[in-house]
Amino acid sequence: MAIQVLNGLVYGALLFALASGLALMFGLRRIVNFAHGALYMLGAYVGYTASLQFGFWAGLAVAGLVLAALGVVLDKAVFRPLQHRDPLTTLLVTFGLALIAEDLVLSVWGNDTMSFAEPQQLAHTLSLFETTFPIYRLAIVGFGAAVAIGLVLWLRFSRVGLFVRAASHDPVIAAVQGVDTDRVSALVVAVSAALAGMSGVVAAPLMSLAPSMGADILVDSFIVVVVGGLGSLGGAFITAMLLGQINVLGVVFMPELTSLLPFLLMIGILLWKPTGLAGARL
Amino acid sequence: MEADRTGGGAVVTVPGLLLFAGFALVGPAAAFLVPSTLIQSLLTQATIYAIFALGVGILIRQNGMVSFGHAAFFGLPAYVIGAVLPLGLMPPELIIIGGLAATALMAFLVGLVIVRVHGIAFGMLTLAIGQAVYEAATRLRGLTGGHDGLSLDLPRFLFGLPLKTFQQPGSMLIVTWLVLALMLAVAFLFAKSRYGLLSEAIRDNEERVRFLGYRTLVPRALTFALSALVTAAGGVLFALYNAFVSPETVHWTASGSALIMAILGGASAPWGPVAGAFTYFFLKEAVGSFTTHWLSIIGVSLIVVTVVFPAGLVGLFDRLRPGNRSQGAANVG
C-alpha cells in the first residue's frame, strides 16, 4: 500500500514538473502551449542521443540546455508576435508546431519505441516497507520536489521572480514600472521548456521513448492545470499529487475504471468550482 | 427584436433554395460522372469527414469555442450501434436514431458542465473528455472490443435499402452527400434562427446577454449538443460505410484533424469546414505520392492559415467577391 502511494508520488512529480511550465506560461502570456508535450518528447529524444555518447547525466543537461534555447526561440518567434491576438490563435499555432515536432522526431529517430537506461548510480533497489523499490523512482520524486522548491524559492526570493510575479499579475502595469516583460517572458518560457525537456529525460527510463509519449502526458497535464486553476502553481501542485495518487490507487481498487478517474475528478471539481481549485482569473 | 432578427429579408429565398438544390445534386452527379472507384471512395470519405468538421465548425461559429475532443461524438454512435445491435432488442434503424439521440443527450449533459469554462480552458477540457472516451473504448473490452475494435454486424437491409448501398463508394457517395446537404441546411437555418442569433450574441458578450434577461448556460450547452449531433451523423455514416469502429476513431488526433479542416476552411460560414475537409483530403492524397512529411505540411498549413488568413477559405472567397463582406465572422484567430 505504502509502495503504491510512493508510485503515485512518482507520477505526480513528473506531472507537476510538466504542468508547472504550462501554468507559468499561462500566468505570464495568457497562452496555453499545446506543444508542451512535444517539448517533453523532444527533450527525451535529445537526451537519449546525448546519453548514448556521454551518459545519462550529460543527456539530462543537454536536454535542459537545448530545450531552454528552443524555449527562447519559441517565445521570440511565436508567443511575442502573437501576444495581442486571440489566445486561440496561439493555441492553434502551437498545435501546428506539435505536429511538426512529431514529424521531426519520426524522421530523425523513427517510429520504434526505444528504451532509455537509467543511470548506473541509481539502478539499484531499496528495501522499503518489506518489499523492494527502485531507487530511480525515488530520484524522480526528488526531481519533482526539487522543481517545486526551486520554483517557489525563485519566484518568492529572487528579483527576477518578483518580476515574473508582477508581470503575471498585470503585464501592462509591470511594464510601466520598468519591468522588461519580454525578457521576463523569454526567461519563463525557457525555464518551462527546459523543465519539460528534462521531465522527458527523467521519465524516459520508466516509460520508454515513442513519438506518442508527448501527447499522452499532455492530456494529463492539461487536466492538472485546468483543475488546479489556470496559472496557479500551487493548484497545479495539489492536483498533480492528487492525480498521481488516483492513478495508482485506482489500479489497486478499480482497475477497469482507473484511466477514467482523472476525468471524473476533473468534471467533479469543475462542477464545484468552474475556475479550478485555486480559482484563477480567466 | 422580431423585425431585425434575420438582418432584413427572408431566411429562405428562391436563389438560396436553388443554390441548395444545386449543391445537393453535385454529389449524385459526381457519383455517376466519376468512373474511378478510387476517387469515389476518396470523395465518400471526404464527405463523411466534412460532416464531422461541419459539427466542429458550428461550435466555433455559434459559440466561439474550439473543441479538441469531437471525435468522441463521431465514434460514440458507432459504438452504440455495434454494442446494441447484437442484442436484437429493437430494429436497427431505431438503434441508429437512438445512437444519435444518445450522443446528443450526452453532449448536452457534458456541455452543461464544460461550457461554463471559457476560451482555451474549454479546448483543454474537450481534449480531456475526448481522451476519456478513448480510454473507455480501449478498456471496456466486453462492449467495445478494446484495441482490436468492433465489427458491426449490420442487417442486410437498412431504411429499406440493401446494405451494399452503404458500403459501395458510388452509392454511398450519394447517401453521404445528401446527409451533408441536409446537415448544411440545418446549420444554415440554425444560424439564422432566433436561437442561433442568441447563441452568437452570447459568443460576443455573454455578460451583456445575461443582463438582457436571457439565460446563457442552456443555449450554449444546446449549441454544443447540436454540433455534437451533426458530428454524430457523420459518425453513423462512417460506421455504416466501414462496418467497423476502433479506438483510433475516437482518438484525439481524429478530433485534431477535424478541427484543422474547420480552421483551414474557415468557420465563419457553414460551408467553410466542408470546403476545408475536401481540401484536406485531396491535399493529403496529392502530397502522399511524393513525400512522407504530411504532418509537417499540415502543421505548417495550420500555422499559416491561423496567423495570416484567420478566415480560411471562406475569407479567401469573400475577398474574391468585391463589396461582399462575410457577416458574423467568427472570431477565431
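At what angle do helix α8 and α11 of chain B pack, and how far apart are their axes? Keep in mind as we look that this is a predicted model. In chain B, α8, which covers residues 169-192, packs against α11(B) at an angle of about 175°, and 11 Å separates the two axes. Angles over 145 degrees count as roughly antiparallel, so α8(B) and α11(B) are roughly antiparallel to each other. From α8(B), the contact is made by Met172(B), Thr176(B), Val179(B), Met183(B), Val186(B), Ala187(B) and Phe190(B). Facing them from α11(B) are Leu226(B), Val230(B), Ala233(B), Leu237(B) and Tyr241(B).

If you follow α11 (217-242) of chain B to its end, you come to the loop between it and β4 (244-245), where Ala243(B) lies. Ala243(B) is not a glycine, yet it has a positive phi of about 50°. Is this residue, Ala243(B), buried, partly exposed or exposed? Ala243(B) counts as partly exposed because it has 17 C-beta neighbours inside 10 Å, while a residue needs 20 or more to be buried.

Now step back to see chain B as a whole. The C-alpha atoms of chain B fill a box of roughly 50 × 45 × 40 Å along the principal axes. A compact globule of 333 residues would have a radius of gyration near 20 Å, so the 20 Å of chain B agrees with that expectation. Of the contacts in chain B between residues at least 6 apart in sequence, 79% join residues at least 24 apart.

What about the inside? In chain B, 49% of the 333 residues count as buried. The largest nonpolar core has 201 residues, and Ala53(B) and Ala128(B) are those with the most contacts inside it. Beyond its neighbours within four places in sequence, Ala53(B) is in contact with several residues, among them Ala258(B), Met261(B), Ala262(B), Pro273(B) and Val274(B).

Finally, look at where the two chains meet. Chain A gives 30 residues to the contact and chain B gives 34. On the chain A side, α4 (87-109), α9 (213-228) and α11 (261-272) each supply at least two residues. The largest share on that side, 13 residues, comes from α4(A). The chain A residues that touch chain B divide into 23 nonpolar, three polar and four charged.

Terms used: Residues are numbered from 1 along each chain as its sequence is written. Chains are lettered from A and ligands numbered from 1 in the order in which they are written. This is a predicted model: local features need pLDDT of at least 70, side-chain atom pairs count only at pLDDT 80 or more; totals for chains, interfaces and linings use all residues. The radius of gyration is taken over C-alpha atoms; the globule rule is 2.2 Å times the number of residues to the power 0.38. A residue is buried if 20 or more other C-beta atoms lie within 10 Å of its own, exposed if 12 or fewer, and partly exposed in between; C-beta atoms are placed from the backbone. Two residues are in contact if their C-beta atoms, placed from the backbone, lie within 7 Å. A nonpolar core is a set of buried Ala, Val, Leu, Ile, Met, Phe, Trp, Tyr and Cys residues joined through C-beta atoms within 7 Å. Helices (H or I, at least four residues) and strands (E, at least two) are DSSP runs, numbered from the N terminus. Axes are lines fitted to C-alpha atoms, for helices over the stretch in contact, and angles run from 0 to 180 degrees between N-to-C directions. Angles under 35 degrees count as roughly parallel, over 145 as roughly antiparallel, 65 to 115 as roughly perpendicular and the rest as oblique. Ala, Val, Leu, Ile, Met, Phe, Trp, Tyr, Cys and Pro count as nonpolar, Asp, Glu, Lys and Arg as charged, and the others, Gly among them, as polar.
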